[in-house]
Structure formats: C-alpha cells, structure tokens
Amino acid sequence: MIGTGMARNGRGMGLAKLRHDLAVGRREPVIAIGLALALLFAFLILAPVISILANVAIVQIGDAARSRAPEGAFTLYYVTRAFASRMSGILLWQPLLNTASIAVGAIILSMTVGGVLAWLVNRTDLVGRRWLATALIIPFMLPTWTLALAWTTIFKNRTVGGQPGWLEMLGFVTPDWMAYGRFPIIIILSLHYAPFVILILGAALQRLDAQLEDSARILGASRRRVAFQIVLPLMRPALLSCGLLILADCIGEFAVPYVLGLPVGFDTLSTSLYRAISTRQSGMAAVMAAVIMAIGVVTLYIDTRMMREARRFAIVGGKGAMDRRRTLGRWQIAAIGFALSFFVLGVVVPLVTLFLSTIMRVPGRFTPENFTFDYWIGSNLDTVALRSGILLTPEFWSAGLNTLVIIGAASLASGILGLLVGYVVIRSPFAALGAFLRQITFMPYLVPGIAFAAAMLTLFAVPRGPLPALYGTSIILILALVADQMPFASRSGIAAMAQLGKEPEEAARVAGAGWWRRMTSIVLPIQKRALASAILLPFISGIKGVSLFIILAVPATDVLTTYSLRLVDYNYTQAANAVVLMIALLALFGTILINRLTGNGIARGLES
C-alpha cells in the first residue's frame, strides 16, 4: 500500500510538473520555437540523409532494365554492383584504397611535422615562437586547393595537356608521380593539416605538467624513456584525436583530388561520387555517399568516445611548471630553419606562385616582357571564352555577387538559428526537446560535405509535395549551407546562452516586457559578439568551401569557388589562379577578423 501510494504521488507530481511546464509554454514561446526548429532541422538535415540512404535500395530512373525491376522497386542491384561485381574494383574498392592511402600518408606526415612544430613552439625557447605560433597556422586558414593549384602551376607536365608547368618551361620534365596523383595529394594535405596538429597538440602540451618529466629525470630516466613512457602516453588522446579527425576530413576531401587526381584517373571516394552524379548514376552515387557517411560517422564516434574517456583523467601541476621551456642550444638554428621552411612552403610559395602565374603570358618565363596584368585588367585576350581580364569579366562579378548573396544569407540565417537553438536548449523546460536539437544540429558534422550535398540533391532535385524542384536555384545552396554550418552555429549559440543567466530576463518579465522585447533589448545586445562570430565563421567557411557547391551549383548560380574550378577545367590557368588568390586572401583576412572580434585565438576555438 505504501509503495502504491508513493507511485501515485510520483505520477501526481509528474502531472503537476507537466501542467506547470505547459502553462509556462503558453505564456512563453520557447517551446513553440523549439518545436519549429526541430521540424525545420528534421526537414533540412534528417530528411536528406534518409532520402539518399533510401535510394541505395530503390531502382532509379533509367535503371529498370539493368536492375530487372521496375522503377521505385526494392533492389540490391546498386549494393551488389558496388561491392561484389566485376566493376566493383573500379567503382568502389580502388577509390576506397586510394582514399585510405592518401589519408594514412597525410596523417603520418602531418602528425610528424605538426608534432615537432607543436613541441618547438610550446615547450622550447625557440626564437620568435610567439610570431611562429600564429604564422604556422596560416596554411590551415587557406583553402586546400590554393596549395593544389600552386603545385600544378609549378610541377605540371604534358600528360593532361594545356599550359606547361614552370619546371617544364625551365627544362625539367617532372614525372607523372610527382605532378599528379597520390604523392602531391599527400604532400598538400599534410601541409594543410599540420597546423591543425599544431593547434591540438599545442593545447595538450600546454596542459602537460613539466614536473612529471623533471621527476622522471631525477630518478635517472633518460630523455628517450621520458618521451616514450611519460609524454607520449599522456599525449595519446590528443594524437589519436588528430589522426581520426584528419581521417574523417580526408574521406570527404574533394578539391585536391579533383585538381591533381581526376585528370589522370586517380579516383577517390569523393571524386567517384562526383563522377557518378555527373553521369546521372543516382543509385551508385547513393551507395558512394552512404559509404562516405558511414566512415565519417564511425570515425567521429570513435573520436567522441575517446575524448569522453580522456576527460576522466586530469594532470594537476603548478602553472610555473607547465610554462618552463627546454633550451635548444646548438639546435636553435636548425629548429628555426625547420619552422620557417614550413611557413615558406605552406604560405609564401603558394601565394607568390599564384600571384606570379597571374601576371605571366607564358608560364615559367621570368623575363620582363613576359609579365603583364592583362589577366587582371586586360581586354581582347587571345583566349576563346575569356576575352577580358578577370576584373573586367561579367561572369566574375556575377559569381562574386552570388557569393555575397548566397553565402551571406546562409551565414546570417545560420547565426540567428544557432542563437535560437542555444536559447531553446538552455531555456526549454523540456530536456528532451533541447537534447534533440543539440543532436540533430550536430549531425552534419558527422557527414562529409560532398556526401551531404549529394543527399540534398537527392531530396530537392524533384518536386516534393507543394515544394518545387530546387536544383539550379540559389535556394538549395542557401539551405545546404545553413544545414552544413549548424554544428558550429548551434554550439556557438549554446555556449553563449549558457553564460547568460535568467535573471535579466526574469526582471524584464516582471516589468511586463514580452518575449520579443526581451530578445531585442536584452539577449541580442548582450550576445551581439557571439552572434557576429556565428555569422562570420560560416561566411568564411562558405567562401573557401568546394564540396557543397560543386554538386549543387550550376553556371547560373556559380560562386567564386565553382567559377574558379570551371576556369581550371577550361585550362585558363592565369584567370583561375587570380580568382583562387582572391578567395585565399578573403579567407585569411576573414579568419583574422574573427579572432580579433572574439578576442580568442584560433587555437582556443578549435580546442573547444
């Protein structure tokens, strides 16, 4: 009887709490806003993923004869063709092997270089280390294909035709393995990801108590034993996290394999997906996208579990002990040379190469009469489709306007929606609603960009009820960008709202202010810095992004990234490099602006 009474009292208290929450919800729109956001993100994020996964097992248009089943029927034809047919080696296994090889190569090389640089900057008396701490991060701010185009400008040979590379013009014929394919892709991705390793390992090294190393040396341990039995085990979570995150990013990397691999038939999973979409093989595209998604989800799930396990342990020590630096002594010059060499290779050489290539009539000819600004501001050029310099070409300005409108609208929407998600997660009386929003807005982070673009194309390429087909319009690009940027925008909004107590709003509510007045007069003014950051970060990411646009954009909706890649396809090297150079500088200056605006370094942002 007592147990029954307690159960009844528990149910009564639960019903009373529910009635109280519903009464609050009628007065405050936080629940209604949360439900609207949940429906919106289910439509923008969950529905595309479900749609493309469903297409794996549904006969697509034009495949009825090959699959021996009517269109729309259930089939295992695409799965069998990808995994266990005579064509599976070409369709899936070879691209998967190529992707794995460049990912492993990039992980090993970037973590080796980045690990050494992180140790030099954070744990030694390296001369100029404060300047280098920022300078060595710049390659990570630049689009990956900035380095790819600089590489092909220097090392290109006659294998794919078009203008020759600089080395060939100087009399050095580069072999194919150096000009295209696996080797240059690994080198470029390593230059791009090494700064990421510097950031992650640098943050871990700053938290590592040097007293542990000192104690081991006092007890007679050699430097090698200290490194392998103390430092490396404590760094293992950060090292594994770096490797897994680089792997997840390499799986969906498109621009570098597109520039350096696709011309010679070196296919990766991302370029194979692009090829399948370009040739209207919707079923095979769905399989490729599903494989990329699965690898990304598993990789990031493992990383998340490892980070949760790592947070169970803490290293406690005095700050003075953590800040002590090791003396380099006679290795000082070699260390400075190594750090500066990385900066030159990752920043100076690519940007200078791109700029010089834009003012040369003939590549690689360094004579005064060969330099010109015609590819910037000239007219009556001797090219077929590009008759004027970039700055005088209407298509360039149209792509620039599309960039501002599409990416600007998506960034503004992402920032506002992210702040609203943070508001609902922190203020909602229903924990389940906040948990759902937190999880669904993180989902695009688990799906590589090119696979998510394929999912959006699958859902919105045809009419859906009252919604018309959106492919070929700016709307699909805006929706895809909003969904793709929500992991960062929502986390920014949640973090910002978690720091804002309820007291200011409670006081305004007592004074009679409605929800809209409280948001515009209290929440937004207090969170304006966080909102600006949540808008600017997606804008910079969108400017240098390729994967979403290459799948969803058409010539009428070209942005600067797709416009530059079309110039690459036409072998208009000077014009393409000019556009890429401007994109790289925009991304670089935008990142610096974000850091100045938020008052935090990029390392702190990535660490969080």
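Arg-68 is exposed, because its relative accessible area is 79%. In this scheme exposed means over 50% relative accessible area, buried means under 20%, and partly exposed lies in between (1.4 Å probe, protein chains only). Arg-68 sits in the loop between helix H3 (64–67) and helix H4 (77–84). Although Arg-68 is not a glycine, its phi is positive, at about 55°. Most residues other than glycine have a negative phi.

The structure is a predicted model, in which local features need pLDDT of at least 70 and side-chain atom pairs count only at pLDDT 80 or more, while totals for chains, interfaces and linings use all residues. Residues are numbered from 1 along each chain as its sequence is written, and side-chain values use heavy atoms, with hydrogens and water left out.

The chain as a whole may be considered next. The model contains 30 helices and 0 strands; these are DSSP runs numbered from the N terminus, with helices (H or I) of at least four residues and strands (E) of at least two. Of the 608 residues in the chain, 50% are buried. The accessible surface comes to about 28,700 Å², and carbon and sulfur atoms hold 66% of that area, as computed by the Shrake-Rupley method with a 1.4 Å probe; for residues, only the protein chains shown count as cover. Among contacts (heavy atoms within 4.5 Å) with a separation of 6 or more, 73% join residues 24 or more positions apart.

In soluble globular proteins, nonpolar side chains tend to be buried together. Apart from residues up to four places away in sequence, Leu-552 touches Ala-453, Met-456, Leu-457, Tyr-471, Ile-476, Leu-477 and Ala-480.

Thr-557 lies in the loop between helix H27 (547–552) and helix H28 (560–569). Is Thr-557 buried or exposed? Thr-557 counts as buried because its relative accessibility is 4%. Beyond its neighbours within four places in sequence, Thr-557 contacts Asn-402, Ile-406, Gly-472, Thr-473, Ser-474 and Leu-477. Asn-571 is partly exposed, because its relative accessible area is 32%. Asn-571 has a positive phi of about 65°, although it is not a glycine.

How two helices pack can be seen in H20 (residues 394–427) and H21 (residues 431–446), which meet at an angle of about 145° with their axes 8 Å apart. Axes are lines fitted to C-alpha atoms, for helices over the stretch in contact, and angles run from 0 to 180 degrees between N-to-C directions. From H20, the residues Val-421, Val-424 and Val-425 make the contact, and from H21, Leu-433, Gly-434, Leu-437, Arg-438 and Thr-441. These residues divide into 5 nonpolar, 2 polar and 1 charged; Ala, Val, Leu, Ile, Met, Phe, Trp, Tyr, Cys and Pro count as nonpolar, Asp, Glu, Lys and Arg as charged, and the others, Gly among them, as polar.

Several residues within helices show how separated parts of the sequence meet. Asp-303, in helix H16 (residues 282–310), counts as buried because its relative accessibility is 9%. Its C-alpha atom is 8.9 Å from that of Pro-237, 66 residues away along the chain. Leaving aside neighbours within four places in sequence, Asp-303 is in contact with Ser-241, Leu-244 and Leu-245. Gly-449 belongs to helix H22 (residues 449–460); Gly-449 and Asp-249 are 200 residues apart in sequence, yet 9.2 Å apart in space, C-alpha to C-alpha.

Ser-492 belongs to helix H23 (residues 474–498) and counts as partly exposed because its relative accessibility is 22%. Ser-492 and Ala-534, 42 residues apart in sequence, are 6.4 Å apart in space, C-alpha to C-alpha. Neighbours within four places aside, Ser-492 contacts Ala-530 and Ala-534.
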